[in-house]
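Student: I have a new structure to read. Where do I begin?
Tutor: Open it up, and we will go feature by feature.

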Amino acid sequence: MTGVRLPVADVDAIDDPSLALTLIGELASDPPAHETLVILLDTERRGSTIMIIHGTVDNDSVLHVADHVIERGHRIDHIGAVIIASMRPGGSDELDDIDRWLTIDEQLGLVGIELVEWFVIGRSVSCPRALLGDAPRWAA
C-alpha cells in the first residue's frame with residue numbers, strides 16, 4: 001500500500017479520483033485480470049458496497065454491469081452515486097467507450113444514481129467522461 005489511508009465504509013467520503021484509484025488498486029486482482037469493480041456510494045458519497053465482477057473480457061460488459069448496479073440499487077437504501085473501473089490488462093480505452101459512457105450514465109441517471117466516474121485501466125488509466133469533454137463530477 002502507498003501509505004494513503006483507505007476510506008472506511010459508511011464513514012469516509014470518496015470524493016477524489018486519486019483516493020478512488022488507490023482503493024481500486026487495493027481491490028483489483030494481482031496479476032491484473034479482466035474484471036469490473038464497482039463502488040456504490042451513498043448520497044454523501046461514502047462507500048457502502050463494493051462489487052467485483054470477474055470475467056468482463058468484452059468491453060461492452062460494462063453495460064451489463066450498469067444493469068446489475070441498477071438492480072442492486074433498488075435493494076440497497078441510499079445509493080446516490082457509483083464509481084466503476086473496468087480492468088483491461090494489456091489494453092486501453094477505445095473510441096466506443098464514449099458511447100458506453102453516455103449509455104451507462106443515462107441508464108443510471110434514470111434511476112437517480114450519478115455515475116461519478118468510469119475508469120478504464122489497462123496500459124494506462126483513462127476516463128471516457130474526460131474523452132467526451134464532460135466536466136469532472138468529484139465533490140472535492
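This is a predicted model: local features need pLDDT of at least 70, side-chain atom pairs count only at pLDDT 80 or more; totals for chains, interfaces and linings use all residues.

Student: How many of the residues count as buried?
Tutor: A residue is buried when its relative accessible area is under 20%. Here 44% of the 140 residues of the protein chain count as buried.

Student: Which elements does the protein chain have, and in what order do they run?
Tutor: The protein chain has four helices and five strands. Read from the N terminus, the order is α-β-β-α-β-α-β-β-α.

Student: What radius of gyration would a compact globule have, and what does the protein chain have?
Tutor: A compact globule with 140 residues would be near 14 Å. The protein chain has 14 Å, so the two agree. Along the principal axes, the C-alpha atoms fill a box of roughly 40 × 35 × 30 Å.

Student: What share of the contacts joins residues 24 or more positions apart?
Tutor: Take the contacts with a separation of 6 or more. Residues 24 or more positions apart account for 64% of them.

Student: How do I look for empty space?
Tutor: Rolling a probe the size of a water molecule over the atoms shows where empty space is left. In a cavity, the probe fits but cannot get out; a pocket is open.

Student: What is the volume of the largest pocket, and which residues lie nearest its centre?
Tutor: Its volume is about 180 Å³. The lining has 13 residues, and Ala 28, Ser 29, Pro 32, Met 87 and Ile 121 lie nearest the centre. Helix 1 (residues 17-27) gives the largest share of this lining, three residues. By class, the pocket lining has seven nonpolar, four polar and two charged residues.

Student: How many cavities of 30 Å³ or more are there in the whole structure?
Tutor: The search finds one. The largest cavity has a volume of about 40 Å³. Helix 2 (61-75) and strand 3 (79-87) are the elements that give two or more residues to its lining.

Student: Which residues line the largest cavity?
Tutor: Thr 36, Thr 56, Asp 58, Asn 59, Ser 61, Val 62, Ser 86, Met 87 and Arg 88. By class, two are nonpolar, five polar and two charged. Find Met 87 in the model: this residue lines the largest cavity and is among those nearest the centre of the largest pocket.

Notes:
Residues are numbered from 1 along each chain as its sequence is written. Side-chain values use heavy atoms; hydrogens and water are left out. On a 1 Å grid over the protein atoms alone, a cavity is a set of points where a 1.4 Å probe fits but cannot get out, and a pocket is an open set with protein on both sides within 12 Å along at least five of seven lines; lining residues have an atom within 4 Å of a point. Grid points are joined across faces, edges and corners, and a volume is the space filled by probe spheres set on the points. Ala, Val, Leu, Ile, Met, Phe, Trp, Tyr, Cys and Pro count as nonpolar, Asp, Glu, Lys and Arg as charged, and the others, Gly among them, as polar. The radius of gyration is taken over C-alpha atoms; the globule rule is 2.2 Å times the number of residues to the power 0.38. Buried means under 20% relative accessible area, exposed over 50%, partly exposed in between (1.4 Å probe, protein chains only). Contact means heavy atoms within 4.5 Å.
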